[in-house]
Amino acid sequence: MEEKGQLMGVPIKLVMALVIGTMAMGVLTQFVGTAERTVFKDMKVTFSTSSNRLTVRVYDAASGDALGGATVVVKYLGGMKAHTLGTNSNQYTFTIPMEAKSYTVVTVRVTHSGYIPWEGEAAVHRTR
């Protein structure tokens with residue numbers, strides 16, 4: 001005859017703990033899978049200047065691959081310019097209007113879906 005509180009020789013509390021643990025692991029596994037899909041990635045942004053031009057290049061930071069489709073916003077004293085890169089292009093050259101100054105500091109902001117926004121500054125000079 002079976003003792004009270006046992007199921008086929010195994011304590012009922014142990015059986016219930018195993019069932020609850022298995023269900024909890026299933027829920028956690030689903031949550032972790034969802035979290036992995038929504039993780040934002042880093043991008044690497046480089047720029048170069050020549051005369052009154054600023055060339056911005058965008059890459060995936062982890063792989064180093066060219067990253068097309070990003071939106072680049074350049075703000076400077078007196079205005080701003082923006083350009084969304086094509087899917088097959090990872091760079092764009094902005095011409096920065098400069099009056100009598102020999103240089104100006106611009107703020108560069110790059111955004112892309114699924115990536116952490118990037119922001120930095122560059123000094124653009126004018127050659128005479």
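Trainee: Which strands form the open sheet, and in what order?

Mentor: Strands of a sheet pair through backbone hydrogen bonds, either parallel or antiparallel. Here the order is 6-5-8-9, an open sheet of four strands with antiparallel pairing. Two strands count as paired if DSSP finds at least two bridges between them, and strands are DSSP runs of E, at least two residues long, numbered from the N terminus. This is a predicted model, in which local features need pLDDT of at least 70, side-chain atom pairs count only at pLDDT 80 or more, and totals for chains, interfaces and linings use all residues. Residues are numbered from 1 along each chain as its sequence is written, and side-chain values use heavy atoms, with hydrogens and water left out.

Trainee: Which strands stand at the edges of that sheet?

Mentor: Strand 6 (79–84) and strand 9 do; each has a single partner strand, so one side of each is left without a neighbour in the sheet. From one strand to the next, the twist averages 20°, with axes taken as lines fitted to C-alpha atoms and angles running from 0 to 180 degrees between N-to-C directions.

Trainee: How many bridges join strand 5 to strand 6?

Mentor: Six, and the two run antiparallel. You can find T71 opposite T84 of strand 6.

Trainee: What do strand 3 and strand 4 form?

Mentor: They form a hairpin with two residues between them, and S51 in the turn has a positive phi of about 55°.

Trainee: What does N52 touch, beyond residues up to four places away in sequence?

Mentor: N52 sits in the loop between strand 3 and strand 4. Contact means heavy atoms within 4.5 Å, and N52 touches F94, T95, I96, M98, V124 and H125. Its side chain also makes a polar contact of 3.5 Å with that of S51.

Trainee: Which residues have the most contacts inside the largest nonpolar core?

Mentor: In soluble globular proteins, nonpolar side chains tend to be buried together. The largest core here has 20 residues, and V56, V74, V106 and V110 have the most contacts inside it. Strand 3 (43–50), strand 4 (53–60), strand 5 (71–76), strand 8 (103–111) and strand 9 (118–125) each give two or more residues to this core. Leaving aside neighbours within four places in sequence, V74 is in contact with residues including L54, F94, I96 and V106.

Trainee: What is a nonpolar core, and what does buried mean?

Mentor: A nonpolar core is a set of buried Ala, Val, Leu, Ile, Met, Phe, Trp, Tyr and Cys residues joined through side-chain atoms within 4.5 Å. Buried means under 20% relative accessible area (1.4 Å probe, protein chains only).

Note on methods. Buried means under 20% relative accessible area, exposed over 50%, partly exposed in between (1.4 Å probe, protein chains only). A polar contact is a pair of N or O atoms within 3.5 Å; within protein, one must be able to donate a hydrogen and the other to accept it, and residues adjacent in sequence count only if both atoms are side-chain atoms.
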